[in-house]
Amino acid sequence: RRVLFRSLDAQQNDEEWDVTLARGETREIDFETDEGTWMSVDVSPDGRWIVFDLLAHVYRVPIGGGTAESLTQETGVALNYHPKYSPDGASIAFISDRGGQANLWVMDADGSNPRQVQRSADTRVTMPEWTTDSEYILVTQGSSIWMYHRDGGTGVELVDSEGGGASWPSTSSDGRYVYYQVRTGGQTVPWAVDDIIDDELVQDALQGSNNLSRMDLATG
């Protein structure tokens, strides 16, 4: 019996792994659709465009309807989702794993010039939200909320994970506050659970496991 070992040099000379390329046997399936589920949707500040994610790509379509245009089609099998327009309408923040992990990216409003804002092989982020000056982007990172400059950097943790974790950041129109969801209170139940109390349907949000908090960005 022979056991083969590849040298370290041989491993280092391997072609760099490309997340956008499919592995193994693949086949193409073509279809048309006019609906989707579990889509993230946003409207451009000028009211002309709707941007949304569908089957791991980000699309835009005129507000009046029509044929959707893919803004991330050149990324192969990489996942792209959670698009969010900047308040000035010039950019779209989104999440993509084309760099190896679900990190924060920004592209121009027409899909051109994509660039990675936050880079971490160990940390995935979701739910981007812009500050009103279009300079910073808030994301859910693990069980915390972090803020990154649109040009990159190490980022700043705004809300830590104490108290059950924070998610879904949203900024106020005047730019002063960030609102976010936290898990607090007694027994945590799945978000999809509904209860019948006194013959009435009560949604999970009313049971106390998901609550709304607000932070003043000027004072912390």
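User: Buried means under 20% relative accessible area, exposed over 50%, and partly exposed in between, with a 1.4 Å probe and protein chains only. On that scale, is F31 buried or exposed?

Analyst: F31 is exposed, because its relative accessible area is 54%. Some ground rules: this is a predicted model, where local features need pLDDT of at least 70 and side-chain atom pairs count only at pLDDT 80 or more, while totals for chains, interfaces and linings use all residues. Residues are numbered from 1 along each chain as its sequence is written, and side-chain values use heavy atoms, leaving out hydrogens and water.

User: Thanks! Where is F31 placed?

Analyst: F31 sits in the loop between helix 1 and strand 1. Helices (H or I, at least four residues) and strands (E, at least two) are DSSP runs, numbered from the N terminus.

User: New topic: is D42 buried or exposed?

Analyst: D42 counts as buried because its relative accessible area is 13%. Its place is in strand 1, residues 41-43.

User: What does D42 touch?

Analyst: Leaving out residues up to four places away in sequence, D42 touches W49, I50, V51, P83, K84 and Y85; contact means heavy atoms within 4.5 Å. The D42 side chain also reaches the backbone nitrogen of Y85 at 2.8 Å.

User: Which residues other than glycine have a positive phi?

Analyst: W38, at about 55°, is one of them, and N113, near 55°, is another. W38 is in the loop between helix 1 (8-12) and strand 1, and counts as exposed because its relative accessibility is 75%. N113 lies in the loop between strand 7 (103-108) and strand 8 (115-116), and is partly exposed at 45%.

User: Where does pLDDT stay under 50?

Analyst: Over residues 1-14, for which the model has two contacts beyond four places in sequence. pLDDT is the predictor's confidence in each residue, from 0 to 100. Where it is low, the predicted coordinates should not be read in detail. The chain averages 86, and 81% of the residues score at least 70.

Key. Polar contact = N/O pair within 3.5 Å; in protein donor to acceptor, adjacent residues only side chain to side chain.
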